Amino acid sequence: MILNRISPFAVAIFATQLAAQSLSPITLIKAGRLLDPRSGNVLAPTAVIIKDGKIKEVGPPAKVQAPSGTNIIDLGSATLLPGLIDSHTHLLMDCVLPTEAERARHLNGGYAPEQLLAIVESPSKRVLLGAQMAREDLESGITTVRNLGHSGIDGDTELRDAINAGRFPGPRILASGRKLITRGDYVQNLNPALADAILEQEFLLIDGVDRARQAVRQNVFHNVDVIKVTADENLTVPELAAAIEEAHRSHLKVAVHAIDKTSIQTAIDAGADSIEHGNEVTDAQLTQMRDKGIFFDFTPTSYGSFFTEAFEGTLAESLTLRAERLKADEGDRQRYNDLAERILKSGFVGGFEASDNQLYDNLVQRVLKSGVKFAAGTDMSWHYPGKTRGQTSVSRFPTLHEAGMPSLDVIRAITTSAAEMLGLQDRIGSIEAGKFADLIAVAGDPIADISELERVHFVMKDGRVIKNDFQENQSK
Ligand SMILES: [Zn+2]
């Protein structure tokens, strides 16, 4: 091969530089505080100079020289942080939680019906959903995501390229293309005559070492940034090792979904770059991961009462929509409202979370103690009534603190450490000269109150202001 693959990031940099130059050559951001996640140090007050979409200089305002004509953004007493990184998400899925009766009709009934719909409906419809999810993530402060599957054949790579081309706002995306799986991991009970045709829209089946290599090459053809493999007990070490070797030949990292002990061991032995979820990891396995430099990627999606709340919201939303659809008079509307309230008060939902919460309280402590490198992702693919995708996603990060992780470690898991796991530590994850100008700001101190991450008021990506709620206050 004569030419190396052209990195989508290289294309993004050129596009960004052109856009930034045409707006204003230099921007100065002033803020009360700047948190460096790596050291935990706070610079107060602080000034950051942005040029050509990149950070040029960081320091105390007195020492940072801005030339005349500089565009100044004063964020008052706010705290600046690097843009957040969601290391595990699914922008092209927005599953509505099914009712208990519907769940009972399917294998993996909580997920399979919506997953199947997403595959067989129009890919155009799906990618437009992805565009909305992407914009909403960015508006909540997530400036980079690693999208790990459930995107059709090229949905996430096309979404990435469209954002990079400036067609609509969204985070920088590392796209995995199709997930590599062994037969039987997702959407079973398909019509046998159609099963393979359906599965191939969403997955690449690993069935032997050669198929594993071929699957990686198929994704490379679509210019993916990362390879995602779902490991289960059927996946062999030689199969996974072949996929990983092939990916590494194309300079791609491999993220392996592994829940049970056997799959986690397969991922470790085959040399995965990160293990996703890792629920049943043993202390001995954590030590092996640490020694091999394999990242542990937390996905605290269901921690707390996430699914109960999401499902209750879905029920209430459904009843409200039904009342409206019937063009109900006041009496009918009241009847539906009463019914919704009775259902919600009856507390019949739930049971999703109890085991997960216990697991996480224990897992967080063991991972911290092991010294293994870790990051965090939301694994978000769920419709949460009343919240945007971004609001739903950022609500997951503080749960790691609830499970016992110090605030600074939580912030590292979604900034500096995540950047390292993605192989982008020289470009994102901290506010330093030479890095992309991806910055966010919160009103308070996120170390004292980690829930500040759920209230991001200022977002800049590649030197462009995406949102600034502070401006209104300042003009008064
Ligand atoms: Zn996932």
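Student: Before we start, what do buried, exposed and partly exposed mean here?
Tutor: Buried is under 20% relative accessible area, exposed is over 50%, and partly exposed is in between (1.4 Å probe, protein chains only). This is a predicted model: local features need pLDDT of at least 70, side-chain atom pairs count only at pLDDT 80 or more, and totals for chains, interfaces and linings use all residues. Residues are numbered from 1 along each chain as its sequence is written, and side-chain values use heavy atoms, with hydrogens and water left out.

Student: OK. How many salt bridges does the structure hold?
Tutor: There are 26. A salt bridge here is a side-chain nitrogen of Lys or Arg within 4 Å of a carboxyl oxygen of Asp or Glu.

Student: Which side chain does Arg 366 meet in a salt bridge?
Tutor: That of Asp 283, at 2.8 Å, N to O. Arg 366 lies in helix α13 (residues 354–370) and Asp 283 in helix α10 (residues 283–292), so the pair ties together parts 83 residues apart in sequence. Helices are DSSP runs (H or I, at least four residues), strands likewise (E, at least two), numbered from the N terminus.

Student: And Asp 283, buried or partly exposed?
Tutor: Partly exposed, with a relative accessible area of 46%.

Student: Which residues are linked in a network?
Tutor: Arg 213, Arg 217, Glu 245, Glu 246 and Arg 249, through salt bridges.
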